[in-house]
Amino acid sequence: MTDAPALPVVFDVDTQTFEADVLQASLTTPVLVDFWAPWCEPCKTLGPMLEKLAAEYNGAFRLGKVDVDQQQELAGMFGIKSIPTVVMVKDGQVLDGFAGALPEGQLREFLSRHVQPLEAADDGLDDATPETPEQALGRIQQAIAAEPDKAELKLDLALALLRVGQTAAAEAELAALPVNLATDARAVRLRSELDLAHALKDAPELITLQQRVEADGNDWEARDQLGVRLLLEGDVEAGLDQFLVILQKARDWNDGQAKKRLLAAFATLDDADVVGRYRRKMASLLF
């Protein structure tokens, strides 16, 4: 039997409760703070989406609601200039934020950088086997067949196609996205992943690239391709290290490609700690 959660997932925040319910509480569970007002039309779109995601994440984060008309002191403390404005508070500090009513895809991308959904209580269903990329592609194709006019599914399809190695098909779906989805954070990330994937066209296998780099540490083409292959195969830091070596020893090689690779890689990674660490390493070599 599972105990009921001690604190509500969605709650109102005022100046009296802010210290305990947001700052102190964020030491154990991240708190997303939504600055809104009843008269704000974009808030009426964003608020329900945030509440839906808070429930879906099953307590991985809590959602604090601040009515700026009633809590002007709190709004002033955060320097709120427009609403809606949302900030992520974690470990007692503001970690990230955004202004405006983002579409759901961008909200999910924002959340994925900081929290992951908690598993719901056991409902008796067997979900021990994770979905394979091929299964995900089939599921999305079935969803599109059922709802062909739902544009958001086309972005899901483009991502799924890339995961199964169908690069050309993923590019075609990406190019066909409507304008509002073409700038979605997931679409931007997909473009960066496709740019990296193109670097491996006709490239040797991993072992061959490793042997070439071991034989000649200044084989920049092999080191560049090795970095991309390591990155896309999940050995992220080893891949980024290859680009740093090129940046350090041959910064201008191939029109500064090492820097471009690093920036493209940063756009595809969810691990904020790794991205922050390697951004600092890159900056130390450039400046």
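Before the first helix pair, one definition: axes are lines fitted to C-alpha atoms, for helices over the stretch in contact, and angles run from 0 to 180 degrees between N-to-C directions. Keep that in mind. Also keep in mind that this is a predicted model.

So, the first pair. Helix α13 covers residues 257-268, and helix α14 covers residues 272-286. They pack at an angle of about 160°, and their axes are 11 Å apart. How do we class that angle? Over 145 degrees counts as roughly antiparallel, so α13 and α14 are roughly antiparallel to each other. Their crossing is left-handed. Who meets whom? From α13 we have Lys-259, Leu-262, Leu-263 and Phe-266. From α14 they meet Val-275, Tyr-278, Arg-279, Met-282 and Leu-286.

Now step back to the whole chain. The protein chain has 287 residues, and 41% of them count as buried. Its secondary structure comes to 14 helices and five strands. The C-alpha atoms fill a box of roughly 65 × 50 × 45 Å, taken along the principal axes. On contacts, take pairs at least 6 apart in sequence: 64% of those contacts join residues at least 24 apart.

Domains next. The domain assignment gives domain 1 at 10-113, domain 2 at 133-183 and domain 3 at 206-286. Between domain 1 and domain 2, the C-alpha centres lie 30 Å apart.

The crossing here is right-handed. On the α2 side, the residues are Leu-46, Met-49, Leu-50, Lys-52, Leu-53 and Glu-56. They meet Glu-104, Leu-107, Arg-108 and Leu-111 in α4.

Buried or exposed? Glu-109 has a relative accessible area of 12%. The cut-off for buried is under 20%, so Glu-109 is buried. What does Glu-109 touch, leaving aside its neighbours within four places in sequence? Its contacts are Ala-185, Arg-186, Arg-189 and Asp-270.

On to a strand. Gly-97 sits in β5, residues 93-99. Its relative accessible area is 33%, so Gly-97 is partly exposed. Not counting residues up to four places away in sequence, Gly-97 touches Val-86, Val-87 and Phe-110. Gly-97 and Leu-32 are 65 residues apart in sequence. In space, C-alpha to C-alpha, that pair is 8.8 Å apart.

Last stop: α6, residues 152-163. A quick geometry check on its 12 residues. At 1.5 Å a residue, α6 should span 16 Å. The end C-alpha atoms are 17 Å apart, which agrees.

Which residues of α6 are buried? The list is Leu-153, Leu-155, Leu-157, Ala-158, Leu-159, Ala-160, Leu-161 and Leu-162.

To recap the two helix pairs: α13 and α14 are roughly antiparallel, by the angle rule, and cross left-handed. Questions, please.

Note on methods:
Residues are numbered from 1 along each chain as its sequence is written. This is a predicted model: local features need pLDDT of at least 70, side-chain atom pairs count only at pLDDT 80 or more; totals for chains, interfaces and linings use all residues. Side-chain values use heavy atoms; hydrogens and water are left out. Domain bounds come from an automatic or database domain assignment. Helices (H or I, at least four residues) and strands (E, at least two) are DSSP runs, numbered from the N terminus. The expected span of a helix is 1.5 Å times one less than its number of residues. Buried means under 20% relative accessible area, exposed over 50%, partly exposed in between (1.4 Å probe, protein chains only). A crossing is left-handed if the near helix is turned anticlockwise from the far one by less than a right angle, and right-handed if clockwise. Contact means heavy atoms within 4.5 Å. Angles under 35 degrees count as roughly parallel, over 145 as roughly antiparallel, 65 to 115 as roughly perpendicular and the rest as oblique.
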